[in-house]
Amino acid sequence: MYKRPYRKIIYRKKVNILLVQIVNRNLGDTVIADNAAYLIKQSLPYFTKKHYRLQLYDIQSEDYELVREADLIIFDGGGLIKYRQENFHIYVPALLECAREYDIPVYFNCVGVEGFDGGDERCLRLARTLNFECVKGITVRDDINTLREYYLNRELIFRLLQENKESSGQAALQKDDFRLSLDSNQHTGPDVPAGTKTGTLFTAAAADTAVFTPEVYGIGRDSQSGVIGLGIVRSRIFEDYGIPEITREYQLDMWQGIVRELEARGYKWKFFVNGLKSDYDFALEVLEAMGRRSEQYLVPRPVESRELVETIASFQGVIACRMHANIIAYALGIPSIGLVWNDKMLFWARRIGYPERFLNSNQFGPERIVQCLADSIAEGVRPCPKKLKTDIIKPLQHFIHEYGARALKKYRHDYLPKPRDWADRLVAAALGGIHMRYTNMNTRKGLEGALQHGFRLLEADIRMTKDKRLVCVNGWSKGSYEKLGADPAQYEDGMDYETFMKCRMYGAYETMDAEELFARMKQAEGNWKMILDIGKPDREVLSDMIEALRSLCASGEDLQEHLMIRLQGKYDVEMVQMSGLPMQLMYYVPPKQKREEKNLTLDSIGKFCKKREIKWVSIAKEALDEELMTYLHKQKLKTCLFSYNRYTDVLKALELGTDWIATSYLSPQELNEQYERGWTVVIRQRVKS
């Protein structure tokens, strides 16, 4: 006979592709990332693609635990190989040093190369790391000659590094210090040979990834449009890039001249921006100088990449300073005129065969600009050549297939213990962030996204309006007013309910009141928890908040197991407990410096929690240390940490014994997706009857 079968679920690590992207409010970079993610998914091996996962990574996050868990690293594109602006000379080398240490293959997809200076330490560090053996391929959207002749000239870089060491009085470099194989400086291309040998670095020219924009977003141009889009940029960008004659005053006159010329020719027009606040503010300044209303002549500032693409798709033609406003227009078949402040735009113009449509500063006369646009509209735009797209796809696909297959082979028989259940650990702070850019908003879109991404633990900030209604907002602070699009000077003490509900976070995301929050959570399934943060209200406001919460909880449903309230003062704790609100209490423990300022000790906090039967405390990340956690564990107090967005920090916090960790960017779903659930292994033992 057989014993009852022993069943075991096998887990196996997926091949993790880390897509390194530039995360900011310039949505041109987001369009690059969206296009790169689309192409990567299209390039996955057909029969084994379920064993791969794509992890989005902010280049500025320095989250090296996520990097270490990667099997392939792909830089999505953009102007990364440069050293004068934006600190990429720090972020790129740091990532490459980590990749080299853990032997992770790296690919640069359609990146920009902006200058080389052998006497600049920043440039040399970038060049040194680009020559690491872990770098397997680099495709370049602009200056590939500078990449090949300087950055990847290993003998040159070694000599310059040696000279740099000697001139600074440091010991001269040895070749072992350089850690480069000087005889492996091989560049293949433009075609990728099957089975490129290890140590060979592939380089090739390619177009910008954003040429796939229509396929990625499913958006086409409005062929009936009669509006010209004027893509404006911040006032100092020309001066910052070595064109001092194009001042703020020059641009004010130039844009007014362009508008007059357009109107004289019968064109309608609107200003638009790629998303940056500095660009938007200058657009408002130009309109004010013209005496025009922003509502009529300025497209609202976009907060998501799709909005930017839809905006550009609505134009008949475009005159723009931002490079990706021009690239998106080209991808959509819309004629565009580029006002050049960076050589990368001239490289792009030659790549697509329209150098005459990109004008240098000595060509910025309004009549010339508008005439160039009119000629371009009359001529139209040739479709993006198939070869331009193939030159992007083919090397990317080759990299994924070759190095992904190696990782997949390694994990095929690498079985792992059951991974951690992140839904029991991670808390969606302020109901969840959006797109790694927007946080502390407490919006319904954030809530919907958090639930979709596997959160069962959520935190919401609630405050009282002037007319005593509870709404979801992270305090009546200057930062909150600015996110809501309101003037802080007009609303220092809060808003009334109707005004708040009409606001949109960043002009896009709908606000929400506490009544809707409770209604939505009552519909949620499973053992969810909601932490309500009421801030530090005065006694009168606290009393009103308690009454409002009591009304929201009076639905006949038992919410005690689901609701928690985060409190910061002893009086607040006493009032809430006396009120009988059906909520568990979470008491705030200040950082050490604050405790010392208030003459608080850990013992006094522990005694208070014991007296009031409080089982949960919240701590700020600044307060987290071994001494505090040791004490809280001794008192059998559970902890919720606010807040971490780096996986590296989350792991350290778990090592110290935190129970919950609030986050805006990580999610249970994406962390659980690192592993695939394998098959059930059934083991039967034969025994004597």
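Five strands form an open sheet in the order E11-E10-E12-E13-E14, and their pairing is parallel. The two edge strands, E11 (268-272) and E14 (358-359), each pair on one side only. The structure is a predicted model.

- In general, the strands of a sheet pair through backbone hydrogen bonds, in either a parallel or an antiparallel manner.
- Strand E13, which comprises residues 336-339, runs parallel to E14 and is joined to that strand by two bridges.
- Gly-338 has Phe-358 of E14 as its bridge partner.

**The position of Asp-71**

- Asp-71 is found in the loop that links helix H2 (64-68) with strand E4 (72-75).
- Asp-71 has a relative accessible area of 8%, which is under the 20% cut-off, and the residue is therefore classed as buried.

**The contacts of Asp-71**

- The side chain of Asp-71 forms a polar contact of 3.0 Å with the side chain of Lys-13.
- The side chains of Asp-71 and Tyr-411 are also joined by a polar contact, at 2.4 Å.
- When neighbours within four places in sequence are left aside, the residues in contact with Asp-71 are Lys-13, Lys-14, Val-15, Asn-16, Ile-104, Pro-105, Ala-407 and Tyr-411.

Terms used. Residues are numbered from 1 along each chain as its sequence is written. This is a predicted model: local features need pLDDT of at least 70, side-chain atom pairs count only at pLDDT 80 or more; totals for chains, interfaces and linings use all residues. Side-chain values use heavy atoms; hydrogens and water are left out. Helices (H or I, at least four residues) and strands (E, at least two) are DSSP runs, numbered from the N terminus. Buried means under 20% relative accessible area, exposed over 50%, partly exposed in between (1.4 Å probe, protein chains only). A polar contact is a pair of N or O atoms within 3.5 Å; within protein, one must be able to donate a hydrogen and the other to accept it, and residues adjacent in sequence count only if both atoms are side-chain atoms. Contact means heavy atoms within 4.5 Å. Two strands pair if DSSP finds at least two bridges between them.
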